[in-house]
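Colleague: Please take a close look at the side-chain contacts in this model, rings to start with and charges after that. I would like the cut-offs spelled out as you go.

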Amino acid sequence: MDPYANEWLSFLARWLHVMAGIVWIGTSFYFVALDNHLRENATWEIHGGGFYRIEKFVPAPPRLPDVLHWFKWEAYTTWLSGFALLVFLYYFNASTFLVKPDGPLGTGWSIAVSVVLLGVAWVVYDVLCRVLRSELVLAAAVLGLTTLAAWGATELFAPRAAFVQVGAMLGTIMVANVFFVIIPAHWGLIRAKESYGEPDAGPGLEAKRRSVHNNYLTLPVLFAMLSNHFPSAYSHSYSWLVLVALMAIGAWIRVFLNLRHAGQNVWWIPLTAALGIAAVAVAIRPTGGSGGAAVAGSVSAARAESIVQQRCVPCHSAHPTRVAAAPQGIEFDTAAQIHAQAAAIKRVAVDSHLMPLGNATGMTQAERDELGAWIRAGAPIK
């Protein structure tokens, strides 16, 4: 595909994904909170300059309303746009973004395994839901399998892609819940009323159960969606554990909020969540790598510029050779440009191995150490 077309399609998919995701997460939060606010299947709310009286009929009202509002396209649009992003960003550029350097899978197998795992995640989860009726046991099983998936993804895929892969698997579970369980249950209620029969409450109760599962998965999936902004997390040597820890904390926060909406304030939950986030932040903080410790003497500006020209400029240039345009508009064509971005270079190429992506240009550890020593000396350009 033409790189410029790919870039524009990726932008459109990203925009749709963010907008739809915001709406889907918002409706998930609202409806679970609404259910927890109900007293005798009704609640009063105030918003928009007036009062609302909301009433819930289980399993169905005496007669169907003339106008019925559905909440499903938020989920479908989020998944479709997210999968499009996987295709445009990771599958079309698999050798750069998806394939793990020195990993067990080549380009074709990486794409195939990524797609298959999306379906496997839903099938395994759905079977567990049908077999395990204890929510506590089910939660433990999902946590264990998510941990396994996170570890496996970091073994199979490039670091950033591994986080996105796990998030896509959980997101697929969520949208499959909507498509295969929640919406069909609602249609069952409608068809029963249209045929003047007595609706079966069972499918509706299972739909409610899956909806609550989706609610707990929202923050873990949200972190995975945004994880490419946190290289210190996905480039860590134990990145799979970092991912699981942050996902578990996200679900733990939802426990607090759901209990609060039901009238219980369990304050030790947000306290432990904050301590958990602080612990993860400390654990993954950049340590500066081996830096200048392995470099004897000072590193000249000419040497630093030579490394950047060889390893970074193929992408970060006004006229790049490996990509259509410099990512985020960052260019290293001149010594002044390199000096201005010294802190960023240290963060992504010295403190971590985030750049070059997939180490496509073959930057060595010795070169990273030299750059680190040069930057700590003030990144002189003369």
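Modeller: The count of aromatic pairs comes to 17, where rings of Phe, Tyr and Trp (its six-membered ring) pair if their centres lie within 6.5 Å, and planes under 30 degrees apart count as stacked, over 60 as edge-to-face and the rest as tilted. One of these pairs is Phe83 with Tyr91, which is edge-to-face, with 6.3 Å from centre to centre and 75 degrees between the planes. Phe83 is partly exposed at 25% relative accessibility, whereas Tyr91 is buried at 9% (buried means under 20% relative accessible area, exposed over 50%, partly exposed in between, with a 1.4 Å probe and protein chains only). Trp122 and Tyr125 form a tilted pair, because their ring centres are 5.9 Å apart and their planes stand at 45 degrees.

This is a predicted model, in which local features need pLDDT of at least 70 and side-chain atom pairs count only at pLDDT 80 or more, while totals for chains, interfaces and linings use all residues. Residues are numbered from 1 along each chain as its sequence is written, and side-chain values use heavy atoms, with hydrogens and water left out.

Trp122 and Tyr125 are both in helix H4 (residues 107–131), 3 residues apart, or about one turn of the helix; helices (H or I, at least four residues) are DSSP runs numbered from the N terminus. An α-helix has 3.6 residues a turn, so residues three or four places apart point the same way. Both Trp122 and Tyr125 are buried.

The charged end of Arg254 is over the ring of Phe29, 3.8 Å from its centre, and Lys72 lies over the face of Trp70 at 5.2 Å from the ring centre.

Next, the salt bridges. The whole structure has 13 of them, each being a side-chain nitrogen of Lys or Arg within 4 Å of a carboxyl oxygen of Asp or Glu. In one, the closest N and O atoms of Arg209 and Glu135 are 2.6 Å apart. This pair links distant parts of the chain, 74 residues apart: Arg209 is in helix H7 (residues 201–226) and Glu135 in helix H5 (residues 135–156). Arg209 is buried at 11%, and Glu135 is partly exposed at 37%. Both belong to a salt-bridge network that also includes Asp126, Arg130, Arg133, Glu206 and Arg210.

H7 itself bends by about 40 degrees at Thr218, with Pro220 following within four residues (the bend is the angle between axes fitted to the seven residues ending there and the seven starting there).

Helices H11 and H14 are joined as well. Arg303 bridges to Glu370 with closest N and O atoms 3.0 Å apart. Arg303 lies in H11 (residues 301–311) and Glu370 in H14 (residues 365–376), so this bridge ties together parts 67 residues apart in sequence. Arg303 is partly exposed at 31%, and Glu370 is buried at 17%. Another bridge runs from Glu367 to Arg311, with closest N and O atoms 2.9 Å apart. Here too distant parts are linked, Glu367 in H14 and Arg311 in H11, 56 residues apart. Glu367 is buried at 7%, and Arg311 is buried at 14%.

Definitions and conventions
Helices (H or I, at least four residues) and strands (E, at least two) are DSSP runs, numbered from the N terminus. A charge sits over a ring if NZ of Lys or CZ of Arg is within 6 Å of the ring centre and within 35 degrees of the ring normal.
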